[in-house]
Amino acid sequence: MKKNKIITLATLLTSFLFFFNGCLIFHKINYEVHLNTPEKGYVIITAYDLRSDAENDAEFEKDKSNLFNFMLNSKEFVDQQKAQGKEIYSRKLFVKDNILIGQAEYRFDSTKAVENIKYEDGFHYLNLALDDSVISTNGVIVKSKDFKRILWGKDVKTLKFEMFSQSFNGNPYRPLAPFYKK
């Protein structure tokens, strides 16, 4: 298994529903953070084109088991996420246009549970590395010499952002869509 992790946000792969040990990767990820109060709400998160970076069949079987058994169906995974402030109430996989898409919904009591989004002085913001690729957002992107930040105004009740993760052009990553069974 490759040791280099494909990440877009600092905490994304360590806590998000569909990724485990850096072996499962995706093309892009979309967040819709619905706020009931400035700190509480729910998230719909969608990862597009889930694949494995396994270098052999044994690692590929582990990746499939981690995704289809542990992350998609186990209570243990839900419990792990709850300990991180994410109360998962929906998780699913589906195939569209021959790509595997993962979607999860969870409630949170602090926006920090959502990729460490902070709330200060009536504004929400998310700090990112300069090389993170934001495809779209309904916030404003501000760059400094050390980081980039997405900033949302006080009146925004749904924080949206989509991030690019990995291009699969010419890469040997194994698609998982053919192995998904409802």
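Below, we look at a helix pair, a lysine and a sheet.

This is a predicted model, so some ground rules apply: local features need pLDDT of at least 70, side-chain atom pairs count only at pLDDT 80 or more, and totals for chains, interfaces and linings use all residues. Residues are numbered from 1 along each chain as its sequence is written, and side-chain values use heavy atoms, leaving out hydrogens and water.

Start with helix H2 (residues 57-73) and helix H3 (residues 75-83), whose axes come within 5 Å and cross at roughly 55 degrees. Helices here are DSSP runs of H or I with at least four residues, and strands are E runs of at least two, numbered from the N terminus. Axes are lines fitted to C-alpha atoms, for helices over the stretch in contact, with angles from 0 to 180 degrees between N-to-C directions. H2 and H3 are therefore oblique to each other (under 35 degrees is roughly parallel, over 145 roughly antiparallel, 65 to 115 roughly perpendicular, the rest oblique). Phe-70, Met-71 and Asn-73 of H2 meet Lys-75, Glu-76, Phe-77 and Gln-80 of H3, contact meaning heavy atoms within 4.5 Å.

Also in H2 you'll find Lys-64. Lys-64 counts as buried because its relative accessibility is 13% (buried is under 20% relative accessible area, exposed over 50%, partly exposed in between, with a 1.4 Å probe and protein chains only). Beyond its neighbours within four places in sequence, Lys-64 touches Asn-69, Leu-176 and Phe-179.

Now the sheet: four strands, open, in the order S7-S8-S11-S10 with antiparallel pairing (strands pair if DSSP finds at least two bridges between them). The twist averages 30 degrees from one strand to the next.
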